[in-house]
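Good morning, and thank you for joining.

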Amino acid sequence: MEKKLIPYKVIEIVDSVEENIPAGIGVIHAEEVWEKGNYGEGIVIAVIDTGIDKTHPDLKEQIIEGKDFTNTGDYQDDHGHGTHVCGTILAAINHYGVVGVAPKAKVLVLKALDGNGQGDIKWINAAIDYAINWEGPNKEKVSVISMSLGGPEEEEEHQLIQKAVQNNILVVCAAGNSGDGKDDTDEMDYPGAYPEVVQVGAVDLEKNLADFSNTNDEIDLVAPGVEIFSTYPGGKFAKLSGTSMATPHVSGAAALVKNIAEKEFDRTLTEAELYAQLCKTTEDLGLSKKAQGNGLLNFSTAQESGEKEITITIESKSLQLPAQTVSVVYK
């Protein structure tokens, strides 16, 4: 079985950008919590994709390690998609080009899709397993797995994702771009539609649901995914559209949320608690749950909420873990 990139659209490729903070990051107001979230520092995000441009000025210092599963022997991006995704997650603040959601986080680059954007399911499963068991030079562990790929259900993939969640790794996946603009029909792409993952749909920069964004009962939240500027191979930048572009906004946001919440709680969060914190960092767009899930990722919503404690019961993302009652505190 093969899986492939969630179909997406390349709008333009450029040599430089005028705006250091891309519009999508402005929509979610990530910069408002950079200092509070320590810019994502200390958090490792595994990106399972087409690799990364290892020499891109915005990315080369963000790589903690990389591994190729496509039998090319190198995790250098020979496609473009993985570099764009990584830039949205954690492009560094270096005044050269763009900046990511969590610009001091680190990426574990796992190349499981080839230059055509396709990958054998064995490659993808091996990458998930590697992320679960990976340990960095200073005993770092993966906190988030980000995947913007899709295909049919596959039993081993599902089991590995459940294992990741059991190991307190938040798994963030693109919903898919097969939407028909109607929220009363379901479009399912996997791994996005597995109940254990955080499934991300897309909105445009005016917060309108993208016509291509899949809708279904497993959507967790939405993020900017239309005309998103980010890094591209060759030291370039590109504007792309798709739920593939929405997903890394959430993956990067998870790093900020984790740092903020763990400082407030003075302990390590479980995967279910981190998921709860993400869900509370959302804005209701007035759309159906099938379209927006819990709403649009938006840090200004949390900042404006004042000090309050909200207790919610969450059915664990893992089928093998019990429901948890979580206290979410914003100050």
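S251 touches I45, I89, V144, S146 and V172, leaving aside residues up to four places away in sequence; contact here means heavy atoms within 4.5 Å. With S146 there is also a polar contact, side chain to side chain, at 2.8 Å. A polar contact is a pair of N or O atoms within 3.5 Å; within protein, one must be able to donate a hydrogen and the other to accept it, and residues adjacent in sequence count only if both atoms are side-chain atoms.

Please note that this is a predicted model, in which local features need pLDDT of at least 70 and side-chain atom pairs pLDDT 80 or more, while totals for chains, interfaces and linings use all residues. Residues are numbered from 1 along each chain as its sequence is written, and side-chain values use heavy atoms, without hydrogens and water.

Is S251 buried or exposed? S251 counts as buried because its relative accessibility is 0%; buried means under 20% relative accessible area, with a 1.4 Å probe and protein chains only. S251 belongs to helix α5, residues 243–265.

Now the chain as a whole. The protein chain has eight helices and 17 strands, taken as DSSP runs (helices H or I, at least four residues; strands E, at least two), numbered from the N terminus. Buried residues make up 59% of its 331 residues. Of the contacts with a separation of 6 or more, 74% join residues 24 or more positions apart. Along its principal axes, the C-alpha trace spans about 50 × 45 × 45 Å.

Key:
Buried means under 20% relative accessible area, exposed over 50%, partly exposed in between (1.4 Å probe, protein chains only).
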